[in-house]
Each structure stands twice: as C-alpha cells, then as structure tokens.
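Dear colleague,

Please read them with the structure open beside you.

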Amino acid sequence: QHHHRQLFGEAFDADGKQVDTGGYSSSGMGEGYHEVTASYELAGIKNPIKIYISSFPNYLKGSAQVKISLDK
C-alpha cells in the first residue's frame, strides 16, 4: 500500500547491451491496488533479457527469476 516508487530499473540483453525503455505508466492507488506498466524497445535485442527491480516494498532474500514468453 502507498508504495509510490518505480518498480523496474535498467534492463540488459544477453550481450550486456542496455535495453531502451519505451515508457512507464502508473495508476491505481485506490484500496491498496497499484498497477505499473513498463515497456521496452526489443528490436535487435538478444534474449534472455535481465530487468532489474529497483524498488519493491517486500524485498526478497537472495535472487529470483521469472520467465516471460514473448510471442508476436
């Protein structure tokens, strides 16, 4: 609740090339609901992509990975 920071940070592809952001949006904040959308420019980018989490109200101990399929 009431966590007003940007969740996603920098992103890098498999070759270490920084992925450009297409933009961020944030909405919601009513009744504990907060939606954040982040988009990235993926043209010429090599998978896998690492997106760093810059801020989260319940920090994880260690690390975690999430696999997201990108279908066209």
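Aspartate 15 and lysine 46 form a salt bridge, with their closest N and O atoms 3.7 Å apart (the term requires a side-chain nitrogen of Lys or Arg within 4 Å of a carboxyl oxygen of Asp or Glu). This pair ties together distant parts of the chain, since aspartate 15 sits in the loop between β1 (8-12) and β2 (21-28), while lysine 46, 31 residues apart from it, sits in the loop between β3 and β4 (50-53). By this rule the count is 1 salt bridge. Aspartate 15 is exposed, at 57% relative accessible area, whereas lysine 46 is partly exposed, at 45% (buried is under 20%, exposed over 50%, and partly exposed in between, with a 1.4 Å probe and protein chains only).

Please bear in mind that this is a predicted model, in which local features need pLDDT of at least 70 and side-chain atom pairs count only at pLDDT 80 or more, while totals for chains, interfaces and linings use all residues. Residues are numbered from 1 along each chain as its sequence is written, and side-chain values use heavy atoms, without hydrogens and water.

The chain has 0 helices and 4 strands (DSSP runs numbered from the N terminus: H or I of at least four residues for helices, E of at least two for strands). Of its 72 residues, 11% are buried.

Threonine 37 belongs to strand β3 (residues 34-40) and is partly exposed, at 39%. Beyond its neighbours within four places in sequence, threonine 37 is in contact with Gly23, Tyr24 and Ser25 (contact means heavy atoms within 4.5 Å).
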